Amino acid sequence: MKNTLYSFCTFIILLASIGVSGQTLTGKVVDSGNTPLPDVYISKLDGSIHAHTNETGIFYCTGVNSGDTMRIDYLGFQSKQIIISEKDFDKTLVIRLTEALFDLGQVVISDDVRAINQVSKIDLKTDPVNSSQEVLRKVPGLFIGQHAGGGKAEQIFLRGFDIDHGTDVSITVDGMPVNMVSHAHGQGYADLHFLIPETVEKIDFGKGTYYADHGNFTTAGYVAFETKEKLDESSIALEYGQFNTLRTVGLFDLLSNNENANAYVAGEFVLSDGPTESPQNFNRVNIMGKYTGQLGNNDKVSILASHFQSKWDASGQIPQRAVDSGLISRFGSIDDTEGGNTRRTNLAVSHTKMLSESAFVKSRAYYSFYQFELFSNFTFFLDDPVNGDQIRQFEKRNMFGLESVVNKSYNPSFADEVLLKAGVGFRHDAVRDNTLSRTFDRRTTLDSLAFGNVDESNYYLFFDAEIDLGKVLINPGVRLDYFKFDYNDFLVQPYATLSEDRIFAGPKLNILYNPSSDWQLFFKSGIGFHSNDTRVVVAQSGEEILPAALGAETGVIWKPISRLWINTALWYLFLQQEFVYVGDAAVVEPSGQTKRMGIDFGLRAQPADWLFFDLDLNYTHARAIGEPEGEAFIPLAPDFTAIAGLSVNHPSGFSGSLKGRYLKDRPANEDNSIVAEGYFVTDLSLNYSRGSVDFGITVENLFDTDWNEAQFATESRLFNETEPTEEIHFTPGVPFFIKGKLGFRF
């Protein structure tokens with residue numbers, strides 16, 4: 001492995017060291033407020049030369065001559081053409097773009113391995129998010145299920161995975177991890193509710209295992225949220241709806257008209273009793289502040305601080321037989337003493353340092369304090385017919401990390417451009433009082449099932465190259481991760497630290513064929529992984545505790561006409577044997593090898609200046625390997641999902657959307673004898689802006705469909721039963737729900 005890696009790095013360095021030929025145009029693209037714009041597409045009018053701005057807004061374009069006409073395209077801004085003169089080569093050319101109405105015709109299919117994530121940018125522009133749930137749904141093909149009305153992290157479905165709360169998708173905010181390793185409730189638990197949706201500027205996502213800069217949990221893919229660096233204006237809004245639902249949100253610009261610095265604070269407060277017969281008494285408080293300063297030499301620093309806390313009661317997952325028999329309604333409960341509370345405080349610093357005209361280093365450091373407590377009862381009176389089966393899961397943790405990534409571009413004679421990226425970083429989680437206990441009425445502890453401290457460290461480095469050969473781009477990469485797992489079990493004697501460590505190497509190779517700005521053919525491949533819970537690692541003595549995920553896909557992105565975008569991909573993913581720590585029972589279960597294959601299809605269209613249409617279809621065939629025929633289904637793995645919508649953004653001030661999502665019936669157990677029912681739900685939003693005032697109405701579940709949001713095959717026993725029953729247990733999806741909004745911008 002070492003020899004292979006050494007030879008690979010040597011080859012790339014030799015390629016990049018070949019001399020540069022021809023004139024190079026250096027430029028910087030900014031908006032009207034002098035803020036640098038990343039990912040702007042710059043091309044020669046005849047299409048023979050193109051370039052992109054980096055994170056600092058700078059681009060380099062080789063082969064440009066005096067008199068050439070260059071075109072600059074960036075979604076949400078007016079396209080611009082400039083004629084290059086000889087004096088433009090003497091210094092950095094500054095290009096200012098002016099904001100404009102969204103036009104799908106501006107979207108360029110460039111030689112970018114992550115060109116597909118332009119879809120989320122399109123969707124954010126045409127249908128802005130207004131809830132934390134909607135933030136995740138902006139990833140095409142991603143479905144969520146909420147267990148506690150916004151209290152617990154969402155259950156995530158993507159590419160044939162029931163990801164639970166985050167096991168197989170990596171989620172970050174401004175580079176700060178959201179997934180919690182060795183979490184009290186479940187591995188990879190990703191509570192995104194500390195993110196205020198109105199602060200989201202960009203959603204970078206990628207499906208599969210093909211990206212060297214994304215490591216742990218990146219099997220089905222990754223989602224990277226970036227928050228706004230500045231506000232165009234301050235705003236405040238109040239929302240009120242059924243079920244005693246109240247939300248107020250405010251975003252306040254602190255440094256207006258400052259060309260070199262931007263700062264704002266944002267706050268959110270949410271109350272709701274929810275549709276259940278037992279009030280949820282849900283509340284959530286969010287506050288966030290962010291400062292971004294432009295330093296000399298195009299350097300930049302950004303500081304983010306935030307605090308989030310939430311508490312709730314819950315009716316839990318109810319058994320279908322209790323509803324069918326009339327014992328309870330769909331919105332009733334067997335044990336309404338469930339609930340929980342959580343909080344998270346974050347501090348993140350990002351610094352971009354220009355090393356030369358063609359190189360920069362971006363460094364991030366972050367710290368989070370996190371606390372979680374959850375009371376659940378999934379089996380009712382199965383284990384304890386007197387007190388019931390309520391459990392308490394608790395933890396508090398300090399999480400901190402650091403990452404530095406060097407980016408260097410070259411213009412060798414054999415290629416249009418070579419981009420090299422090398423990164424190094426670490427993350428450490430110090431989890432204290434990681435607890436699973438049996439409780440009664442939230443107050444009395446009956447028995448301790450698990451109790452201990454976890455210390456888990458992940459050190460990593462990665463290397464990535466993009467070799468642009470004109471119409472072909474080759475993107476090799478490799479990632480190396482080292483894990484150190486420590487566990488102190490307080491329920492055994494004598495005191496001891498159980499410790500294991502492992503190294504994981506994941507190569508990547510992506511190849512793009514991009515003959516024009518209207519279509520791209522791609523092939524992607526890579527090996528990724530997700531780590532197992534530390535308690536699994538020490539229980540298995542370090543064996544098979546970093547299961548590999550081998551993935552590959554091929555597909556096309558195509559714009560047959562100016563305002564029509566089509567993407568499709570055929571993909572395959574294999575997962576090695578893994579052991580799962582069941583946080584609800586403190587046991588370790590083997591899950592075996594699995595394979596998934598499927599096809600994704602997406603379409604974005606703009607029939608008129610003010611009208612947009614979106615469609616995403618996803619089919620997956622997911623099976624366990626080595627199991628008998630008919631018993632190889634993967635529980636809760638979705639095999640077909642569909643999302644479609646119409647969005648309106650009219651110059652008169654009217655805007656809105658009509659969105660429908662469909663999830664097909666899916667097996668809830670290995671032999672498909674228990675089925676989780678599918679659903680089709682439609683949501684509507686209508687908005688009108690007049691001057692600085694905004695009015696809005698949102699309707700969830702427009703046609704009042706009965707649907708089950710979260711479903712599981714669970715064995716349980718009710719208080720009046722002598723024998724247990726295994727069947728579907730569910731949390732009901734929200735019924736018809738309407739809320740109004742009044743906002744003011746200033």
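Biologist: Before we start, what should I keep in mind about the model?

Modeller: It's predicted, so local features need pLDDT of at least 70 and side-chain atom pairs count only at pLDDT 80 or more, while totals for chains, interfaces and linings use all residues. Residues are numbered from 1 along each chain as its sequence is written, and side-chain values use heavy atoms, with hydrogens and water left out.

Biologist: How many salt bridges are there?

Modeller: Side chains of opposite charge can pair when their charged atoms come close. Here a salt bridge is a side-chain nitrogen of Lys or Arg within 4 Å of a carboxyl oxygen of Asp or Glu, and the count comes to 46. One of them joins Asp213 and Arg114 at 2.9 Å, N to O. Asp213 sits in the loop between strand 15 (200–207) and strand 16, and Arg114 in the loop between strand 7 (93–96) and helix 2 (118–126), so parts 99 residues apart in sequence get tied together. Helices (H or I, at least four residues) and strands (E, at least two) are DSSP runs, numbered from the N terminus.

Biologist: Is Arg114 buried or exposed?

Modeller: Buried means under 20% relative accessible area, exposed over 50%, partly exposed in between (1.4 Å probe, protein chains only). Arg114 has 17%, so call it buried; Asp213, with 22%, is partly exposed.

Biologist: Which residue does Lys207 pair with?

Modeller: Asp600, with the closest N and O atoms 3.4 Å apart. That pair links distant parts of the chain, strand 15 and strand 35 (residues 594–608), 393 residues apart. Both Lys207 and Asp600 are buried.
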